[in-house]
Amino acid sequence: MAEQSREVLRAEHISKSFGQVTALKDISMHLNRGEVLGLLGDNGAGKSTLMKIFTGFHQPTSGKLFLNGREVTLKSVAHGRQMGVECVYQDLALVNEINVYRNMFLQREPTRGGFLGILNDRAMRKAASEHLGRIGVNIPSVDAEVSKLSGGQRQAIAVARSVYQKSDLLLLDEPTAAMGAKESAQILDVIQRLREQGDMAIIIIAHNYAQVFDVCDRVNLVEGGKIVFDKPTAETSVQELTDLVVNEYRMARASVHEA
Ligand SMILES: Nc1ncnc2c1ncn2[C@@H]1O[C@H](COP(=O)(O)OP(=O)(O)O)[C@@H](O)[C@H]1O
Ligand SMILES: [Mg+2]
């Protein structure tokens, strides 16, 4: 296992351009172990691009990235995973036709405290049940085929899978998008449980900030590739965020009318 430094993530002056498009401009942030950051913002604000820089999928055009106190240049998502970064995307990379416990161990290389390569079926089943129980994921049975589960249950399993290997930084890109209230609540419960365990730092991208507000220690609002608002949740409110977003919407409308 990597060293357990308190500061898990630090980004300094990160910018990212795709040809003529500047997706991120001078982003700086840091996150400690045990903290949950809510990354909010409109479509196209740059949230996913920032996540993809943290996972190693994209390389920044400029700026520095530090993981566990050390500067890193991530070459790929695999490299990011080796460095302790896990990501759950909206499309989940689970295999529908096989059961829950096999999905848990799908393509998990025996790295970072893992010995998964040598687990047999029975051991996998047992390990999956224990792990799901520990983080509070509620499913009928680990023998259930994934296609038989609800969207929320599938997402919960994807989250469980991504934390099995003790990541330092867990990134969730819109984990409750297109989910019903009950399913969303299940995901948020899992996140809350992980937050209480305090082993990792978590960034959760969300459109519906009212929904994630309670599980976050801090919220950042991204607009036009910049962080325009950064406060601990204890010092802000859903109302203040709503006012900000409404204001942003009014400005956007005004500029449409001017054009
Ligand atoms: N691979 C890419 N190539 C070109 N432009 C991109 C690419 N990925 C994202 N962008 C652009 O960067 C901006 C930010 O996108 P994104 O990070 O996906 O926003 P969000 O996740 O906040 O909706 C958008 O203008 C988007 O069109
Ligand atoms: Mg996105």
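**Ligand 1**

I looked up the shell around ligand 1 and found that helix α1 (residues 47-55) gives the most to it, with 3 residues; helices are DSSP runs of H or I with at least four residues, strands runs of E with at least two, numbered from the N terminus. The model is predicted, so I note its limits: local features need pLDDT of at least 70, side-chain atom pairs count only at pLDDT 80 or more, and totals for chains, interfaces and linings use all residues. Residues are numbered from 1 along each chain as its sequence is written, and side-chain values use heavy atoms, without hydrogens and water.

I listed the residues around the ligand, among them Phe18, Asp42, Lys47 and Thr49, where a heavy atom within 4 Å qualifies a residue. I then checked N or O pairs within 3.5 Å. A polar side-chain atom of lysine 47 is 2.8 Å from an oxygen atom of ligand 1, and a polar backbone atom of glycine 44 is 2.7 Å from an oxygen atom of the ligand. Alone, ligand 1 exposes 560 Å², of which the protein buries 59% (Shrake-Rupley method, 1.4 Å probe).

**Asparagine 99**

I placed asparagine 99 in the loop between β6 (85-88) and α3 (100-104). Asparagine 99 counts as buried because its relative accessibility is 14%, the cut-off being under 20%, with exposed over 50% and partly exposed in between (1.4 Å probe, protein chains only). A polar atom of its side chain lies 2.9 Å from the backbone nitrogen of arginine 102.

**Glutamate 71**

I found glutamate 71 in strand β5 (residues 70-72). Glutamate 71 is partly exposed, at 47% relative accessible area.

Note on methods:
Chains are lettered from A and ligands numbered from 1 in the order in which they are written. A polar contact is a pair of N or O atoms within 3.5 Å; within protein, one must be able to donate a hydrogen and the other to accept it, and residues adjacent in sequence count only if both atoms are side-chain atoms.
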